[in-house]
Amino acid sequence: MAKSEIISCIDVGTTKVCSIMANAGHGGSLQVLGVGVTHTRGLHKGLVVNITEARESIRASVRRAEQASGLKMESVYVGVTGRHITSLNKKGVVSISRGDRLVRPDDLKRVLRSARTFTVPTDRKLLHVIPRGYALDGQVGVKNPVGMHGFRLDVETHVITAAVTSVQNLVKCIRGANIDIEDLVLEPLASAEAVLRPDERDAGVILADIGGGTTDIAIFKNGSIWHTAILPVAGYQITRDIAIGLGLPFDVAEQMKRKYGSVMHVYDGAEEEATNLSMENGYGISYQDLNEIVRARVEEILKLIALELPSDYLKEVPAGLVLTGGTANLRGIETLGQELLGLPVRVGVPTGVYGIADILPDPAYATGVGLLLWGIRRHDGEQNWQASGLGETVRRLVVRMRKLVLH
Ligand SMILES: Nc1ncnc2c1ncn2[C@@H]1O[C@H](COP(=O)(O)OP(=O)(O)OP(=O)(O)O)[C@@H](O)[C@H]1O
Ligand SMILES: [Mg+2]
């Protein structure tokens, strides 16, 4: 970015709404000015099921971020998730017919347009068309063909669509809180921005954000997105298993999980704690019982993540699995993942944010921080685009069209 400017996001999760306002400085640095987190109401498995409740949760979260920053939140980057998301890979091709055969930024836009000539059904909304890689005169693996010479430019893209109605409900809640939407971003792509290193994306890596209602997956290879998927199982199911299995109220099961939850077989605490756990409110359970339940569900989730890749493809992701989302806080999850998948597994914590950011270095905030980073990157892209000669008028037109589409 040329100079610092305010950037904001809202991550409307199944269990929490997180609004962040930050100053975006040079080189993608983020100085957090205000964070507002509230308990979510009106969402189920990442989807709005009660507009009034969801809007109120969003309002409360935004108000807290505004109070902390002393600024008004005007427009935001918003995360989208849910089972309605689908993704596929599409190709496009154009010829470079000018005399010098030099690929210009305009040709990139043309080839991307050619990759999106398919008809999007009226009940679907196009969220992203992300270039995965280019080929110039048949030579594949070209990352940025601008400035190179060739006759034929091919592109392979990753296309992500969402159900119009689900997106409309989310948009309605945000607009109902008097906030404009800059862009909608698929949540695992945002989480990936916050925690993945370029070398991991190059080698091949799976990002899985295990939240409250959904497990959001993005797989990267050769530096580009390869596959995305949303699974409708996450932390909520773990808590429900504990509640049903041990006969506890849901809230108590949730507290037990957060306080004592682990996927390890053996408890490393004191002997008496190893068998009996109790809460202040009088509920008591056995540590082994609790964590057998937790472990069983986490094993299932980890196996489902691995199933997004055909089994012989696991070797295509040598950088392994990076876990985000609140459920990644469960003790022992890295070790269990390594045992089950035979891959390196690490928990991804957003770093590199400063300011009033005390709670953000937690895997649950990867999506929120990633939304801001996504926004900065896109803003920088638009700046480059302006520098390439397309000018402010076209940019404004595109921004206005995007806002119309989001209405
Ligand atoms: N320390 C902890 N140990 C175990 N589980 C935890 C811990 N902290 C949070 N969780 C679980 O993480 C889940 C919430 O994660 P997160 O905040 O990433 O979800 P969300 O963004 O609200 O939901 P989603 O992204 O699925 O719509 C809850 O199920 C919660 O129980
Ligand atoms: Mg989430």
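Domain bounds here come from an automatic or database domain assignment. I am working on a predicted model, where local features need pLDDT of at least 70, side-chain atom pairs count only at pLDDT 80 or more, and totals for chains, interfaces and linings use all residues. Residues are numbered from 1 along each chain as its sequence is written, ligands are numbered from 1 in the order in which they are written, and side-chain values use heavy atoms, with hydrogens and water left out.

**Entry: the site**

I looked up where ligand 1 lies. Domain 1 (5-83 + 165-197 + 349-387) and domain 3 (235-347) both contribute residues to its shell, so ligand 1 lies between them.

**Entry: the shell**

I found 20 residues around ligand 1, taking a residue as near if one of its heavy atoms lies within 4 Å. Among the closest are Thr-14, Thr-15 and Glu-254. By class I noted three nonpolar, 12 polar and five charged residues; Ala, Val, Leu, Ile, Met, Phe, Trp, Tyr, Cys and Pro count as nonpolar, Asp, Glu, Lys and Arg as charged, and the others, Gly among them, as polar.

**Entry: polar contacts**

Next I checked pairs of N or O atoms within 3.5 Å. A polar side-chain atom of Lys-257 is 2.7 Å from an oxygen atom of ligand 1. From the backbone, a polar atom of Gly-213 lies 2.8 Å from a ligand 1 oxygen, and an N or O atom of Gly-326 is 2.8 Å from an oxygen of ligand 1.

Notes
A polar contact is a pair of N or O atoms within 3.5 Å; within protein, one must be able to donate a hydrogen and the other to accept it, and residues adjacent in sequence count only if both atoms are side-chain atoms.
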